[in-house]
Amino acid sequence: MAKYSVERRRKVKKSKILSLILTMVMVCTLFISTQGVVKASDVPKCIDGSYLTNDDSSEVTVGSMSRGIYLKSGSSTITKVGPGKIGAGGNTVGQKTVSKITVSVTVERLLNGKWAYYTSWMETNYNSVYVSSSKTLSVPTGYYYRVCCTHYANSDVSGSFTNGIYI
C-alpha cells in the first residue's frame, strides 16, 4: 500500500509540474501576442549620431572632458519657432572664470542623406564662466535641421549636437 501511495504522489507531482509549465507557456504566449510589432519604419533613422525626428525641439548637454580643467559643460539647441523658422543656439559653461570662453554654433541641413553646412556663427566672452548665443533663422521647409556646437574654455574643447527636427 505504501508503494502505491509513493507512486501516486510521483504522478500527482509530475502532473502539477506539467500543469505549471503549461501555464507558464500560455502566459508567455499571451504576453508576446499583446506586444506590438515593431516595424523598421517605426525606428527613428540615425545619421552621424543624430536621430531624425518630428519633434518640435531637440537639446543636448555634454559634461566636462575627462582631462579638462576649464570646461564644465556645453549645450546645443534647436526649436521650431514657426512655419519655416527655427531657433538655434548653444552655450558653454566653464569650471571657473576663464580668460576666454566661446561657443561656435553651426546649423546643418540634411541633403541627399548627409548633413551639410547651412550657416554658423560664434560668440566669445572674456574673463567669464559662461557664454551663450542663439538666433531665429528663416529656413527652407521640407528638410531636417540640426545644431552642432563646439565649446571652448581656454585650452579645453568639446562638442555637442542635437537630433534632427523636420521643418
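Ser58 sits in strand 3, where helices (H or I, at least four residues) and strands (E, at least two) are DSSP runs numbered from the N terminus. The model is a predicted one, so to speak of local features takes a pLDDT of at least 70 and side-chain atom pairs count only at pLDDT 80 or more, while totals for chains, interfaces and linings use all residues. Residue numbers start from 1 along each chain as its sequence is written, and side-chain values use heavy atoms, with hydrogens and water left out.

Back to Ser58: is the residue buried or exposed? With a relative accessible area of 10%, Ser58 is buried; the cut-offs are under 20% relative accessible area for buried, over 50% for exposed, and partly exposed in between (1.4 Å probe, protein chains only). A polar atom of the Ser58 side chain lies 2.9 Å from the backbone nitrogen of Asn163. For reference, a polar contact is a pair of N or O atoms within 3.5 Å; within protein, one must be able to donate a hydrogen and the other to accept it, and residues adjacent in sequence count only if both atoms are side-chain atoms. Setting aside neighbours within four places in sequence, Ser58 touches Ser76, Thr77, Ile78, Thr162, Asn163 and Ile165, with contact meaning heavy atoms within 4.5 Å.

Now for the overall layout. The chain has 1 helix and 9 strands, and reading along the sequence gives α-β-β-β-β-β-β-β-β-β. Of its 167 residues, 32% count as buried. Among contacts in the chain with a separation of 6 or more, residues 24 or more positions apart account for 60%.

Confidence comes next, with pLDDT being the predictor's confidence in each residue, from 0 to 100. The chain averages 85, and 72% of the residues score at least 70. Strand 6 (residues 114-138) has the highest confidence, at 98, and helix 1 (residues 2-34) the lowest, at a mean of 58. Where pLDDT is low, the predicted coordinates should not be read in detail.

On to the charged pairs. Side chains of opposite charge can pair when their charged atoms come close. Taking a salt bridge as a side-chain nitrogen of Lys or Arg within 4 Å of a carboxyl oxygen of Asp or Glu, the count is 2. One of them joins Lys80 to Asp56, with the closest N and O atoms 3.9 Å apart. Lys80 belongs to strand 4 (residues 71-82) and Asp56 to the loop between strand 2 (50-53) and strand 3 (57-62), so this pair ties together parts 24 residues apart in sequence. Lys80 is partly exposed at 29% relative accessibility, and Asp56 is exposed at 53%.

Arg146 and Glu108 also form a salt bridge, and here the closest N and O atoms are 2.7 Å apart. Because Arg146 lies in strand 7 (residues 144-153) and Glu108 in strand 5 (residues 85-111), the pair links parts that are 38 residues apart in sequence. Arg146 is buried, at a relative accessible area of 7%, and Glu108 counts as buried too, at 15%. Arg146 also lies over the face of Phe161, 5.1 Å from the ring centre. The rule for a charge over a ring is NZ of Lys or CZ of Arg within 6 Å of the ring centre and within 35 degrees of the ring normal. Arg109 lies over the face of Tyr143 in this sense, at 4.6 Å from the ring centre.

How many aromatic pairs does a search of the whole structure find? There are 3, where rings of Phe, Tyr and Trp (its six-membered ring) pair if their centres lie within 6.5 Å, and planes under 30 degrees apart count as stacked, over 60 as edge-to-face and the rest as tilted. In one of the pairs, the rings of Tyr118 and Tyr145 have centres 5.8 Å apart and planes at 80°, so they are edge-to-face. Tyr118 is in strand 6 and Tyr145 in strand 7, so this pair ties together parts 27 residues apart in sequence. Tyr118 is partly exposed at 26%, whereas Tyr145 is buried at 0% relative accessibility. Tyr143 and Tyr145 are edge-to-face as well, since their ring centres lie 6.5 Å apart and their planes meet at 75°. Tyr143 is partly exposed, with a relative accessible area of 29%. Tyr118, Tyr143 and Tyr145 make up one aromatic cluster.

Finally, Val93 lies in strand 5. Leaving out neighbours within four places in sequence, Val93 is in contact with Leu71, Lys72, Ser73, Ile101, Val129 and Tyr130. Val93 and Gly63, 30 residues apart in sequence, are 9.5 Å apart in space, C-alpha to C-alpha.
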